[in-house]
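This report concerns one protein model and the way its parts are arranged. Please examine the sequence and the structure before reading on.

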Amino acid sequence: MSLVAQPLRVLVVGCGNMGASHAIAYKTLDGFEICGIVSTGNSKVVLNERLGGGYALFSDYETALKETQPDAVCISTYPDTHESFAIMALEQGCHVFIEKPIADTVEGAKRVMAAAEKAGKKLVVGYILRHHPSWEKFVEIAHELGKPLVMRMNLNQQSHGTMWTVHRNLMKSLSPIVDCGVHYIDVMCQMTRSKPLQVNAIGARLTNDIPAGNYNYGQLQIRFEDGSVGWYEAGWGPMMSETAFFVKDVIGPEGCVSIVAKNAGASGKSDNVDSHTKTESLRVHKAALDENDQFVTSDTWIDMQDEPDHQELCNREQRYFLHAIQDNVDLTDHMQDAVNSLQIAFACDESVRTGQPVLL
């Protein structure tokens with residue numbers, strides 16, 4: 001007779017959009033128990049009420065860590081705290097789930113990874129698209145298109161209201177192509193399975209609402225060893241255009257596959273977080289021609305039914321976290337991928353700031 005595992009006691013740190021979603025996952029999934037909620041402002045009170053109340057609330061992370069003695073810590077704060085918070089938790093013997101990026105420097109990300117290895121604890125990074133069946137299918141079909149690949153992706157957000165506040169806060173430490181770009185760089189690396197060689201990037205500062213050294217529009221280009229190339233574009237702010245804000249396209253010698261988000265692509269939804277993970281349909285095109293240079297097959301549509309919404313994706317991430325801990329999953333590649341995609345994103349940042357290509 002097997003013993004029933006005790007629930008994993010989790011300290012929730014950061015109560016914004018992602019922190020709240022992860023907390024809801026811990027509240028609703030078997031195997032977890034929230035032992036405390038941390039934020040500097042009032043968001044912890046709001047989240048506590050949303051979860052039904054009764055949780056220990058803290059304004060200071062270090063105090064919360066000492067008083068609650070958690071098994072695991074979920075870090076969804078702004079990126080400039082990620083490194084110190086993660087290392088503190090790992091050194092106290094906690095497993096860590098951390099929103100991307102791992103840190104706000106590449107060296108910091110490597111230090112967090114080293115701390116996890118030294119502590120013998122699990123470090124899972126919130127690469128949400130890796131848990132999305134449609135994106136998994138997108139990557140799978142890309143592998144059938146031959147080489148080289150041309151990968152075209154963007155996510156521009158005409159943000160206003162609370163989302164513009166979130167974006168302004170994020171841009172105190174990161175640019176949009178680093179914060180969002182790590183997801184899509186990770187996808188490109190999965191599609192090519194090839195070494196990135198060089199990046200070029202451009203950026204523009206379209207508002208005085210952000211720090212002088214930062215920019216709220218950026219576009220990056222990556223060249224891979226196998227001849228594949230990819231670009232990604234991200235802009236945030238009330239001035240952004242919603243025309244073609246959602247492009248997810250991969251082209252190879254054998255044809256192409258595109259994510260077509262008809263509803264999410266409708267006007268006025270570019271800063272809606274739920275719409276960012278909606279794929280709705282995959283359009284698959286085969287390049288083969290007959291003797292008259294006509295297409296042999298028509299395009300096929302894969303309509304994704306019962307897609308996971310943003311909350312369900314967070315639930316899946318947390319199930320994976322629990323699985324990694326309970327089944328002692330080797331996360332070396334997972335962590336290295338997170339460091340690599342961040343390294344590429346920061347190289348793009350460097351290219352924007354210097355106006356020069358950066359060799360990887």
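## Describing packed helices

The axis of a helix is a line fitted to its C-alpha atoms over the stretch in contact, and the angle between two axes runs from 0 to 180 degrees between N-to-C directions. Two packed helices are described by the angle between their axes and the distance between the axes. The model discussed here is a predicted one.

The protein is divided into domain 1, residues 8-125, and domain 2, which is made of residues 130-312 + 341-359. Taken over C-alpha atoms, the centres of domain 1 and domain 2 are separated by 28 Å. Domain 1 contributes 16 residues to the contact, and domain 2 contributes 14 residues.

Between them, domain 1 and domain 2 bury about 1300 Å², and 65% of this area is on carbon and sulfur atoms. Which three residues supply more than any others of the area that domain 1 buries against domain 2? They are Y78, K100 and V106, which together supply 42% of that area.

## Helix α5 and its two partners

Helix α4 (residues 82-91) packs with α5: their axes come within 9 Å and cross at roughly 10°. Angles under 35 degrees count as roughly parallel, so α4 is roughly parallel to α5. On the α4 side the contact is made by E83, A86, I87 and L90, and on the α5 side by G108, R111, V112, A115, A116 and A119. By class, this contact of α4 with α5 has seven nonpolar, one polar and two charged residues.

Helix α12 (residues 332-354) also meets α5. The axes of α5 and α12 come within 9 Å and cross at roughly 170°. Because angles over 145 degrees count as roughly antiparallel, α5 is roughly antiparallel to α12. From α5, the residues V106, A109, K110, M113, A116 and E117 meet T332, M335, Q336, V339, L342, Q343 and F346 of α12. The residues of this contact of α5 with α12 divide into eight nonpolar, three polar and two charged. Residue A116 of α5 takes part in the contact with α4 and in the contact with α12.

## Helices α6 and α9

Helix α6 (residues 133-142) and helix α9 (residues 181-192) have axes that come within 9 Å and cross at roughly 40°. That angle makes α6 oblique to α9. The crossing of α6 and α9 is right-handed.

Which residues of α6 and α9 meet? In α6 they are W135, F138, V139 and A142, and in α9 they are Y184, V187, Q190 and M191. The residues of the contact of α6 with α9 divide into seven nonpolar, one polar and no charged.

## Backbone features in the loops

Most residues other than glycine have a negative phi, and most peptide bonds are trans.

K100 and P101 are joined by a cis peptide bond, with omega about -5°. P101 is placed in the loop between β5 (95-98) and α5 (106-119). K100 is also one of the residues named above for the area that domain 1 buries against domain 2. Another cis peptide bond joins K147 and P148, where omega is about 0°. The loop between α6 and β7 (150-154) holds P148.

Q69, a residue other than glycine, has a positive phi near 45°. Where is Q69 found? Q69 lies in the loop between α3 (61-68) and β4 (72-75).

Methods:
Residues are numbered from 1 along each chain as its sequence is written. This is a predicted model: local features need pLDDT of at least 70, side-chain atom pairs count only at pLDDT 80 or more; totals for chains, interfaces and linings use all residues. Side-chain values use heavy atoms; hydrogens and water are left out. Helices (H or I, at least four residues) and strands (E, at least two) are DSSP runs, numbered from the N terminus. Angles under 35 degrees count as roughly parallel, over 145 as roughly antiparallel, 65 to 115 as roughly perpendicular and the rest as oblique. A crossing is left-handed if the near helix is turned anticlockwise from the far one by less than a right angle, and right-handed if clockwise. Contact means heavy atoms within 4.5 Å. Ala, Val, Leu, Ile, Met, Phe, Trp, Tyr, Cys and Pro count as nonpolar, Asp, Glu, Lys and Arg as charged, and the others, Gly among them, as polar. Domain bounds come from an automatic or database domain assignment. Buried area is the accessible area (1.4 Å probe) that two parts lose on being put together, summed over both.
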